[in-house]
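Morning, everyone. I'll take one model today and walk through it. Have a look at it first.

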Amino acid sequence: MDEPQDIGVQAARLEKLLEERFSARRGTLAQRVARVGRELPRSVRRDLGRVAEAADVSGHPKLSMRIDRAQVTAASLRAESYLRNVDAGFRRRGKWLGVAAGLVINLALGLTLLIVVLRWRGFL
């Protein structure tokens, strides 16, 4: 009967990795995956969903018999491997650089438009 605990331990490890790498601190594994959303590849989201579903079902005595433990373990290992390779600092820097690049582009376009309008009106 320690097999449901194994799935629970796998889910807890994945929750901890999601918290460390993506700052998803609250909720179950499924809720954390939904919160992180498209920041994860589709295959990893699918694997995390499989583990989350197995973790939810593992507490029920009859439904837990339907869990394919080898498939869940493989999905957990694939997701854990991906999450361990995510660099949280690089993600944050990339996000801020994207915001800064957007601001610079918008400012450049705005100044260009201002200069064009001023020239067209004859002020420059």
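The largest pocket has a volume of about 220 Å³. A word on terms. On a 1 Å grid over the protein atoms alone, a pocket is an open set of points where a 1.4 Å probe fits, with protein on both sides within 12 Å along at least five of seven lines; lining residues have an atom within 4 Å of a point. Grid points are joined across faces, edges and corners, and the volume is the space filled by probe spheres set on them.

The model is predicted: local features need pLDDT of at least 70, side-chain atom pairs count only at pLDDT 80 or more, and totals for chains, interfaces and linings use all residues. Numbering runs from 1 along each chain as its sequence is written, and side-chain values use heavy atoms, with hydrogens and water left out.

Back to the pocket. Its lining consists of Arg 50, Glu 53, Ala 54, Val 57, Leu 63, Arg 66, Ile 67, Asp 68, Gln 71 and Val 72. Two elements give two or more residues each: helix H3 (42-57) and H4. Helices here are DSSP runs of H or I, at least four residues, numbered from the N terminus. H3 gives the most, with four residues. By type, the lining splits into five nonpolar, one polar and four charged. Asp, Glu, Lys and Arg count as charged; Ala, Val, Leu, Ile, Met, Phe, Trp, Tyr, Cys and Pro as nonpolar; the others, Gly among them, as polar.

Now H4 itself. This helix covers residues 69-84, 16 residues, and reaches 22 Å from first C-alpha to last, close to the 22 Å expected at 1.5 Å a residue. The expected span is 1.5 Å times one less than the number of residues. Which residues of H4 are buried? They are Val 72, Ala 75, Ser 76, Ala 79, Glu 80 and Leu 83. Down the H4 axis, these fall within an arc of 130°, so they line one face. The arc is taken over the directions from the helix axis to the C-beta atoms. The face turned away carries the exposed Ala 70 and Leu 77. Buried means under 20% relative accessible area, exposed over 50%, partly exposed in between (1.4 Å probe, protein chains only).

H2 next. Leu 29, Arg 32, Val 33 and Val 36 are buried there. Ala 34 and Arg 35 are exposed on the face turned away. Just after H2, Gly 37 takes a positive phi of about 60°.

Ser 23 also has a positive phi of about 60°, although it is not a glycine. Ser 23 sits in the loop between H1 and H2. At 36% relative accessibility, Ser 23 is partly exposed.

On to the core. The largest nonpolar core has 22 residues, and those with the most contacts inside it are Leu 18, Leu 29, Leu 40, Leu 48 and Leu 83. Helix H1 (3-22), helix H2 (29-36), H3 and H4 each give two or more. H1 has the largest share, six residues. Such a core is a set of buried Ala, Val, Leu, Ile, Met, Phe, Trp, Tyr and Cys residues joined through side-chain atoms within 4.5 Å.

Last, H5. Leu 107 lies in H5. Leu 107 is exposed, at 59% relative accessible area. Its C-alpha is 58 Å from that of Arg 66, 41 residues away along the chain. Arg 66, remember, lines the pocket. Just after H5, Gly 122 has a positive phi of about 90°.
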